[in-house]
Amino acid sequence: MRPLVSIYVHLSGKIYHVNSSRILLPMNEALKSAALSILRPFVRYLIGQGWTYGALAELLKFVYVGEAIRHYGQISGRPLTDSRISLLSGIHRKEVRRLRLELHADPGRIALRHGANVAAQMVAAWSATEAYRDPAGVPRVLPLRAEGMPSFEGLVRLVKADMRPRTILDDLLRAGIVVLDGDNVRLVRSGYVSDLPDDRVAFLGANVGDHLQSAVHNMEGTEPYLEQAVYFEHLPADAMEGVRRDLRAMGTRLLQEAHQRVSKAENPEPNRPRRRMRLGVYYYEEDQTSDETPEGHGDAHEND
């Protein structure tokens, strides 16, 4: 299949692209609408962080070249030339050469801070592991250390953390996830939310990135992953506090059950093929104006 040359023109308020045969084709309006929905909240956040259009445009060049090499290079079975990448991405060949060198030096993967990752694992295991919950399913208050019974140090060993228990405890205390009562530690929040801005940005990239990977995977016609949402409109505003509270509790239970199920499949044997996975839950609401065009008739259940 011949690649598209990324030349775009505006005619009568619409965007068209010119393909490699110089045929004028309208941009896919559904794809354009989806791209706008994805980009708008993120661009709003970037503006608030001082990012200008030029900064994002430069980053997009980096992404276009990287994805062309990673994805289309695998499809062709041979290394992509600068000219081929330029044709796929619409980026000038000299720029492609520069960006390839930058990609080789720095792939741009921002890893989650190790301490934040360990702390998140601790909270998940504490909330989902049977020995660390009481008969009602509530996370137990844990002594810092104890023999023959659940303890905070025992939980550190359970998640195979390669950090000192005190360092992990300090991180959880600072973020307000636990409180210390003498020599006992009590979990007061069911999910780990770091108090450090860089940690929150890293979680944003990991969670939203994998959600989008799942959606794109399903769009490409392969065996679909779970990617569903429940949508309602015309809800009375005064009912939302109770809805929000109940849905948060339901989401927490789902993630706890998922942790219990998946942890049973873990296997420490080396040299076995391995996969990674992420299951997420999200919630969003906003005001609906009286003159807003409804997205559907009544309640809707969306399934990609």
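Two residues are in contact when heavy atoms of theirs lie within 4.5 Å of each other. In this predicted model, Val-159 makes such contacts with Gln-121, Met-122 and Ala-125, leaving aside its neighbours within four places in sequence.

**Val-159**

- Val-159 is placed in the loop between H6 and H7.
- Residues under 20% relative accessible area are classed as buried, and Val-159, at 15% relative accessibility, therefore counts as buried.
- The C-alpha atoms of Val-159 and Gln-121 are 6.7 Å apart in space, while the two residues are 38 residues apart in sequence.

**Nonpolar cores**

- The largest nonpolar core comprises 25 residues, and Trp-126, Phe-152, Leu-172 and Tyr-192 have the most contacts inside it.
- Two or more residues of this core come from each of helix H5 (114-128), helix H6 (152-158), helix H7 (165-174) and strand S6 (184-187).
- The greatest contribution to this core is that of H5, with 7 residues.
- Neighbours within four places in sequence aside, Trp-126 is in contact with a set of residues including Tyr-132, Pro-139, Leu-142, Phe-152, Leu-155, Val-178, Val-185 and Leu-187.
- Arginines also belong to the contacts of Trp-126, namely Arg-133, Arg-140 and Arg-186.
- Another core, of 9 residues, lies apart from the largest one and has Ala-68, Leu-80, Ile-91 and Val-96 among its members.

**The sheet**

- An open sheet is formed by 3 strands in the order S4-S6-S5, with antiparallel pairing.
- Strand S4 (142-143) and strand S5 (178-181) are the edge strands, each of which pairs on one side only.
- The antiparallel pairing of S5 and S6 extends over 4 bridges.
- Leu-180 has Val-185, in S6, as its bridge partner.
- H7 packs on the sheet, where it touches S5 and S6, and its direction makes about 115° with that of S5.

**Helices H3 and H4**

- Helix H3 (residues 82-89) and helix H4 (residues 93-105) have axes that come within 9 Å and cross at roughly 110°.
- Crossing angles of 65 to 115 degrees count as roughly perpendicular, and H3 and H4 are therefore roughly perpendicular to each other.
- On the H3 side, Asp-82, Ser-83, Ile-85 and Ser-86 meet Arg-93, Val-96, Arg-97 and Arg-100 of H4.
- Sorted by class, this contact of H3 with H4 consists of 2 nonpolar, 2 polar and 4 charged residues.

How values were computed. Residues are numbered from 1 along each chain as its sequence is written. This is a predicted model: local features need pLDDT of at least 70, side-chain atom pairs count only at pLDDT 80 or more; totals for chains, interfaces and linings use all residues. Side-chain values use heavy atoms; hydrogens and water are left out. Axes are lines fitted to C-alpha atoms, for helices over the stretch in contact, and angles run from 0 to 180 degrees between N-to-C directions. Angles under 35 degrees count as roughly parallel, over 145 as roughly antiparallel, 65 to 115 as roughly perpendicular and the rest as oblique. Ala, Val, Leu, Ile, Met, Phe, Trp, Tyr, Cys and Pro count as nonpolar, Asp, Glu, Lys and Arg as charged, and the others, Gly among them, as polar. A nonpolar core is a set of buried Ala, Val, Leu, Ile, Met, Phe, Trp, Tyr and Cys residues joined through side-chain atoms within 4.5 Å. Buried means under 20% relative accessible area, exposed over 50%, partly exposed in between (1.4 Å probe, protein chains only). Two strands pair if DSSP finds at least two bridges between them.
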